[in-house]
Every structure is written in structure tokens, then in C-alpha cells.
Amino acid sequence: MSKVVILGCGNVGSDVARYVAEEVPAAKILVADYNIEAAEKLANEIGAQAVQFNATIPDDVKRVLNGADIVFNGVGPFHRFALPIIQQAIASGVNYVDINDDYDVAFELINTDKFDKAAKEAGVTVIFGAGSTPGLTNVLARWGVNQLDKAESINITWGCSFAPNLSVAVVDHMFHCLVGDVPQFIDGKHQNVPAWSGEKSIELQGPFGTKTFCFSGHAEPVTLPKYIPGLKNVTVRSTFFQEEGNKIYKQIIDLGLAGNGKLSKSGVSPRAFIAEFLNSEAGIETLSVDLGSDPGGAIFRVEIEGDLDGSQTQIMYEVQLMTDDGKDPTSLCGANVVLDVLAGKVTQSGVFSPEAVIEPESFVTRIMSKLGGKLYRKVTKLDELY
């Protein structure tokens, strides 16, 4: 039986361990974290083993990966930790899965061949960005593309109810993708555009109504043109459902408090401080917003446009999750990619984003059956009459 290592016992890593433990004997699972108390608590819950490690020390990562068949990396933010751990996994001959959602990591992984070449030589499968967005969105995009004769554009939007305490790592990531210029794939080439630009109002399905989305930095515009040749456009837009939440983030950014450079006296960056503050009792009390009549939850929407039987066609998928559904799509997707590799459903060696190696229909069906949310599909054909 395969040995599975889970790096990071935060919300996502812990849930991945729980999902994997439903199908893998817990004795074969090793959970690792710098906080040994957190690792031991999770290990005791699911019957796994626990170990302390420091993600900043390569030899420590190597020690934890020794003898593993696959590792799930949940140590964020990924723009700091993904590449070193991927390098060590390849060097150790260990298959690798993460939920990386940082575009610069995706660029580094696929715009040079060193990682892919090393993984192929080592016989290792590396799947990055296997969460909800990117991840589930990529697989939905592939599913739509497979139903068209030719795909030209993929436009992704995601949104959620505002809460200041999204976890320190998630807040760090949010600023990473909402500060400065962010990559989109427009007119057949990668272009950097200002975050918060490209406003687009979209009428969502069900109870969420019409929301306005703006460009943000995620990995889909980097990976989808790579693994689905022939695309002309791939964009990502996002929003908080409550406009006051968007204003809070914009104000923090405008004040320079989302910067990542460490201050000389304190040794702490403004972003690190703000991420901690937003997750503190004071931050939650000060910056929580009134959700009003809006339902609490999140949406992931993927629009695939192209040609089908000679007609311009759009296939739209929209995933809706209500807050009281209680399950995190990111960890569920990551865990199922781990299980797919263990089950031999993915056997290719090299570096991949999910749309390159995951069979979409069975994967999406499995995720939605466990998630408890709703998945809408709409097909629109534009017929030329004259």
C-alpha cells in the first residue's frame, strides 16, 4: 500500500488528510507541520502518523518525503514554498500534488522545461493547481472544450461572500493576485493588465443575482493555453459579493499596506501584518461587513466559447456552494487528484496542470456528489441566419 505524505496541517491540508484517510489506511498517511501540536492532533483524529518539519529547510523536506509514494503540499503561500518542495519531491522520486493558485509559480513551472524534464527523468508525476480555482475550473474548461469542434475562448469568474478572516495564507494570496498587473491571455498572447480592471457584470444562476467581476491574477490564463492549444483568449475575473469588501481590499492596497517588502526595523512586511490583523479578533470585529440579504457562499463559473457543427457556441458551467454546505471544494479536489494518482488513473510522468491529465466528466461528477453544491450547465448556439 502506498505511503502518502501531507505537508501542512492548516484547513486545507487537514481536510485533504481526512478525505484521503477515507480510502487509504491511516497508518500509511504521514502528516507534517512546523506546528507539531497541530500535526499530532490531526494524526490522532484520523489514526495517522505525525512529524514536525520546516518547509524552509530542504534537508528537512527530504527527510519527511523519504519512502513516500506521493506528497500533497498544502504549505502556503505557494509563491514562497511551491517550487522548492516540487524540486525536492522530484529529487526524491515522489509524486506531487498541490493547490497552487499563484500565477508566477505556474509561469515558472511551464515556461521552462527544467521541471518537466527532471520529472520525466525521475518517473514522477507533478500536478499543480489542483484545488477549486485553479483546479476544478480547469477541469470544467477541459470538459467544455471536449464537447466543441474547436474552442477559442475560456472566461472564468469566481466570487465569494466577504469575510476578513479567510486565513493568513489565503489573505496573502488574495493580495498577491489583486496588487499591480496580473496576467491574462488575450488575442493569442499573454498580457499583463491592471488588477481590478476589465469590469464585467454577469447574471449568475440561482440566488446570487448579478455581480460585477474584475481581472485578478490566477494560474488559469497561464496553463490553459499551454495544455489546450489553439485558444485565443483565457481570462479570470473575481469579486467579493459585498462591494464593501472589495472597497476594504482596494483601500488597503492604495495605502501601500499590501506590500511584500519587509520593513527594516520590524522585519515584517505590511502584507504579513495585515494578513495577521484580518484574522485577529480585532480585525474581524472592525472589518466584518453586513452581508445583507445576499446568500452566503461562493461561485465558480467557466464559459467556453468556440465552434460546434458550424455554429458559434458557448458552454457555461457554474458551481454554486452555500456557506452551510460545509465542505471546502479546494481540499476535496486536491484529495481526489491524490487518489487518482494512487489509483493509477494518472500515469504520465512530467509536470501538469489538471486539465492536461484529469478525465473531466468522472472527476466533476465525483466532486459534485460529495460537495453538496449545485452545478449548472447551459449551452447557447448563435446561428447565422443571413
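Is Phe185 buried or exposed, and what is its relative accessible area? In this predicted model, Phe185 is buried, with a relative accessible area of 8%. Buried means under 20% relative accessible area, exposed over 50%, and partly exposed in between, with a 1.4 Å probe and protein chains only. Residues are numbered from 1 along each chain as its sequence is written. Local features need pLDDT of at least 70, side-chain atom pairs count only at pLDDT 80 or more, totals for chains, interfaces and linings use all residues, and side-chain values use heavy atoms, with hydrogens and water left out.

Phe185 lies in strand E8 (residues 181–186). Strands (E, at least two residues) and helices (H or I, at least four) are DSSP runs, numbered from the N terminus. Leaving aside neighbours within four places in sequence, Phe185 is in contact with His190, Pro221, Pro225, Leu231, Lys232, Asn233 and Val234. Contact means heavy atoms within 4.5 Å. Pro221 is 36 residues away from Phe185 in sequence, yet their C-alpha atoms are 5.4 Å apart in space.

Asn138 is another buried residue, at 0% relative accessibility. Asn138 belongs to helix H7 (residues 136–146). Residues up to four places away in sequence not counted, Asn138 touches Glu220, Thr223, Leu224, Ser353 and Glu355. Leu231 is 93 residues from Asn138 along the chain, and their C-alpha atoms are separated by 14 Å.

Burial also marks helix H8 (residues 168–176). Val171, Asp172, His173, Met174, Phe175 and His176 of H8 are buried.

The parallel sheet comes next. Seven strands form an open sheet in the order E3-E2-E1-E4-E5-E6-E15, and the pairing is parallel. Two strands pair if DSSP finds at least two bridges between them. Strand E3 (49–52) and strand E15 (350–352) are the edge strands, and each pairs on one side only. On average, neighbouring strands of this sheet are turned by 15 degrees against each other, direction ignored. Axes are lines fitted to C-alpha atoms, for helices over the stretch in contact, and angles run from 0 to 180 degrees between N-to-C directions. Within the sheet, strand E4 (residues 70–73) and strand E5 (residues 95–98) run parallel and are joined by four bridges. Phe72 stands opposite Val97 in E5. Helix H4 packs on the sheet and touches strand E1 (4–7), E4, E5 and strand E6 (125–127). The direction of H4 makes about 165 degrees with that of E5. H13 also lies across E1, E4, E5 and E6, and runs at about 170 degrees to E4.

Helix H1 has two helix partners described here. The axes of H1 (residues 11–21) and H13 (residues 329–342) come within 8 Å and cross at roughly 45 degrees. H1 and H13 are therefore oblique to each other. Angles under 35 degrees count as roughly parallel, over 145 as roughly antiparallel, 65 to 115 as roughly perpendicular and the rest as oblique. H1 passes H13 in a right-handed crossing. A crossing is right-handed if the near helix is turned clockwise from the far one by less than a right angle, and left-handed if anticlockwise. From H1, the contact uses Val12, Asp15, Val16, Tyr19 and Val20. From H13 come Thr330, Ser331, Leu332, Ala335, Val338 and Leu339.

H1 and helix H2 (residues 36–46) pack at an angle of about 20 degrees, with their axes 10 Å apart. H1 and H2 are therefore roughly parallel to each other. Their crossing is right-handed. Ser14, Ala17, Arg18 and Ala21 of H1 meet Leu42, Glu45 and Ile46 of H2.

Strand E13 (residues 297–308) runs antiparallel to E14, and 12 bridges join the two. Gly306 has Thr313 of E14 as its bridge partner. E13 and E14 form a hairpin with two residues between them. In the turn, Asp309 has a positive phi of about 55 degrees. E14 is also joined to strand E16 (residues 374–382) by nine bridges, and these two strands run antiparallel. Here Tyr317 stands opposite Arg377 in E16.
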